[in-house]
Amino acid sequence: MGPLQCGRPAFDVLGMRISWTAPEVATPRVIARTAGLLTALGGLAAVVLVLGSPGGLAAVHPGVVAIAPVTMGLGVAIMRWGDRVPRGFFHALIASGLVGIGLFALIAPTIDGAVAVLALTAFASMNSFLFFAPVWAAGYLVELLVIGAVVVVLRGDVAIGPAVVLGILVLGVAGVVGVLARRAASASEDALTGLMNRRGFDEALDVAVRTAVRTGEPLSAALVDLDHFKMVNDTRGHAAGDEMLRAVARTWTPLLPPGAVLARHGGDEFSLLLPGLDGGQALASVEQLRAALPGIGTSVGVAELESGDSAAQLMRRADSALYRVKSLGRGRSELDAGGYSPLARDLVAALAGGPGSGLAVHFQPVVTLADGEVAGVEALVRWTHPDRGPVPPGEFVAIAEQEGLIGALGAFVWAVACRDARSLCEATGRELFLTVNVSGLELDDADFPERVLAVLAETGWPAERTVVEVTESLVEAESTRSVRALHALREHGLQVAIDDFGTGYSALSRLDTLPTDYLKLDNSFVSTITTSSRRARLLRSVMALADALDLTLIAEGVETGEQARTLTALGCPMAQGYLFGRPQPVDELVASLTALPAAAGL
Ligand code: C2E
Ligand code: MG
Ligand code: MG
């Protein structure tokens with residue numbers, strides 16, 4: 001039986017939460033150690049009583065002489081192996097232990113001996129309040145008082161005074177242990193859902209991992225995230241959010257497999273411990289749970305304990321599976337295949353680490369060629385790997401795409417870019433536009449437009465000054481969902497740029513049908529315009545094309561004054577490149593824009 005099932009009905013007595021379940025502190029280990037220790041001490045007390053008996057061994061009942069050391073031995077055995085026996089064993093131990101104590105008290109040769117033996121019932125009462133639900137504990141308390149009363153009446157030599165004092169002592173011990181056990185439990189309980197909280201879960205996880213390592217049984221864990229929970233909270237209020245969390249707890253608790261532990265990990269995250277299930281079985285079980293919540297979308301990462309795994313590693317792998325699910329569109333469960341490449345694993349850590357974890361967004365100025373004035377900035381992601389140093393974005397963006405992390409990376413870039421662009425504009429008093437690079441996979445995620453709009457709303461960055469940069473390869477892929485996403489964003493006032501134009505195979509007809517506002521001419525094309533007259537003529541026709549399609553041309557990778565002059569002469573309106581400014585952190589850009597109000601490289 002799992003010691004740690006929560007979420008059942010509970011009621012409050014004098015501000016204390018009384019539930020029908022055993023205290024959460026009563027893990028198999030705690031039960032075994034405590035019951036074993038108290039049983040052994042009971043045996044030891046009996047041995048001492050026997051040895052100290054006034055008439056010597058001969059005066060003591062042979063049964064007592066035999067049973068005292070046996071009880072000690074039993075106690076030691078329970079301490080050692082008791083965590084492997086079912087909970088029923090401990091019920092039997094306490095029920096029969098009380099009867100045994102009663103019998104010994106009855107046959108004790110002296111009154112003092114009888115009272116001393118009866119005092120051992122304090123152990124039984126402590127145990128029952130520590131191990132069992134209050135109803136059971138109260139039952140054992142009644143058994144104990146009845147046995148005590150019977151002993152006192154049958155012996156007839158025990159004075160009422162000491163017997164009553166003993167009874168009060170035992171009741172007091174039971175009460176204190178009961179309150180402490182419940183208090184300890186409430187520290188690991190989530191008040192909103194009645195489930196275990198993260199602390200309780202971590203304790204249960206440690207026990208489960210140790211058990212799994214010892215028994216060789218499989219163990220899986222899952223992390224659950226409610227989809228769009230923040231939106232529910234924001235649009236329908238916190239009461240609706242709270243109700244949603246309670247609904248998950250209510251629906252799932254009765255459906256859990258035996259021994260499973262469901263906990264609220266914090267916020268809208270739940271965690272699930274699935275002892276006895278391997279990864280595949282855990283995934284199936286999670287799918288059943290997800291299906292039982294038709295109105296609530298959930299994303300779940302599942303991992304199975306592998307040999308050598310610590311509890312923390314198991315949860316980290318469940319977390320990275322959840323990460324994948326979230327970055328690839330949510331509403332699914334996925335089993336961690338242990339399969340990130342080393343660099344992707346480091347990227348996951350950087351993404352999870354927040355500021356200071358090596359990921360950053362730099363900004364490169366985009367200028368109007370006619371006057372050299374900065375008109376906008378392009379957000380470019382940067383990653384400084386803890387060992388390798390700076391990793392080129394071309395490399396880690398590709399890894400993020402291949403290993404399912406692009407959604408998370410994109411979310412990071414969008415949030416930082418919009419926030420920093422806003423402070424850049426506020427600090428410099430300029431109305432700049434912001435361009436953000438978006439990967440095709442990211443754009444293909446059904447939630448993409450909503451997520452971008454949510455970031456704009458959160459950061460207060462205007463949609464009208466936001467440009468989404470997509471590459472030609474995406475244009476070639478021509479996924480209808482991507483195109484729909486671009487249309488949706490444009491309806492909300494955002495603009496679209498085709499990046500790296502002139503590198504790949506450009507399908508002109510697609511340029512006509514795609515919702516586009518800017519064409520960004522690739523570095524490699526720009527670098528040749530001053531060395532090849534054919535390229536210069538080609539540029540002129542690209543200009544004409546842009547004009548015909550009502551697109552604004554931005555020349556990228558402008559490094560020399562000559563390139564800038566050629567582009568200006570041909571009528572290219574905008575440019576970007578080292579000549580005007582390198583990609584740099586926002587505070588450096590603020591400083592340079594404030595120092596040089598109209599920085600121009602011409
Ligand atoms: P891109 O969007 O075409 O970005 C322009 C690249 O040219 C940047 O490289 C920039 O640093 C570099 N550049 C700018 N001016 C000059 C110049 O004058 N000369 C030369 N040689 N290069 C110049 P970076 O930052 O290494 O980015 C490479 C590519 O990685 C980007 O190309 C973009 O496709 C991708 N990328 C960067 N940030 C992100 C991001 O946040 N999300 C996504 N999905 N992709 C990104
Ligand atoms: Mg770009
Ligand atoms: Mg480009």
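The backbone nitrogen of Asp-387 lies 3.0 Å from a polar atom of the His-385 side chain, a polar contact (a pair of N or O atoms within 3.5 Å; within protein, one must be able to donate a hydrogen and the other to accept it, and residues adjacent in sequence count only if both atoms are side-chain atoms). This is a predicted model, where local features need pLDDT of at least 70 and side-chain atom pairs count only at pLDDT 80 or more, while totals for chains, interfaces and linings use all residues. Residues are numbered from 1 along each chain as its sequence is written, and side-chain values use heavy atoms, with hydrogens and water left out.

**Around His-385**

- His-385 belongs to strand β9, residues 373-385; strands (E, at least two residues) and helices (H or I, at least four) are DSSP runs numbered from the N terminus.
- His-385 counts as buried because its relative accessible area is 5%, where buried means under 20%, exposed over 50% and partly exposed in between (1.4 Å probe, protein chains only).
- Beyond its neighbours within four places in sequence, His-385 is in contact with Leu-343, Asp-346, Pro-390 and Val-391, with contact meaning heavy atoms within 4.5 Å.

**Around Asp-336**

- Look for Asp-336 in the loop that runs between β7 (333-335) and α13 (342-353).
- Asp-336 has 9% relative accessibility, so it counts as buried.
- Its side chain makes a polar contact of 2.8 Å with the side chain of Arg-317.
- Not counting residues up to four places away in sequence, Asp-336 touches Val-302, Ala-303, Arg-317, Ser-320 and Ala-321.

- Glu-143 sits in helix α6, which covers residues 134-155.
- Leaving aside neighbours within four places in sequence, Glu-143 is in contact with Ala-95, Leu-98 and Val-99.
- For Glu-143 and Val-99, 44 residues apart in sequence, the C-alpha to C-alpha distance is 8.8 Å.

**Positive phi angles, and a glycine**

- Asp-500, in strand β13, has a positive phi of about 55 degrees although it is not a glycine.
- With a relative accessible area of 25%, Asp-500 is partly exposed.
- Asp-550 also has a positive phi, about 65 degrees, and is not a glycine; its place is the loop between α22 (533-548) and β15 (552-555).
- Asp-550 counts as exposed because its relative accessibility is 68%.
- Gly-502 lies in the loop between β13 (495-501) and α20 (508-513), and at 33% relative accessibility it counts as partly exposed.
- Gly-502 and Asp-242 are 260 residues apart along the chain, and their C-alpha atoms are separated by 52 Å.

**The whole chain**

- There are 24 helices and 16 strands in the protein chain.
- The radius of gyration is 36 Å, whereas a compact globule of 602 residues would have one near 25 Å; the radius is taken over C-alpha atoms, and the globule rule is 2.2 Å times the number of residues to the power 0.38.
- Along its principal axes, the C-alpha trace spans about 120 × 45 × 45 Å.
- Of the 602 residues, 49% are buried.
- Among contacts with a separation of 6 or more, 69% join residues 24 or more positions apart.

Notes. Chains lettered and ligands numbered in written order.
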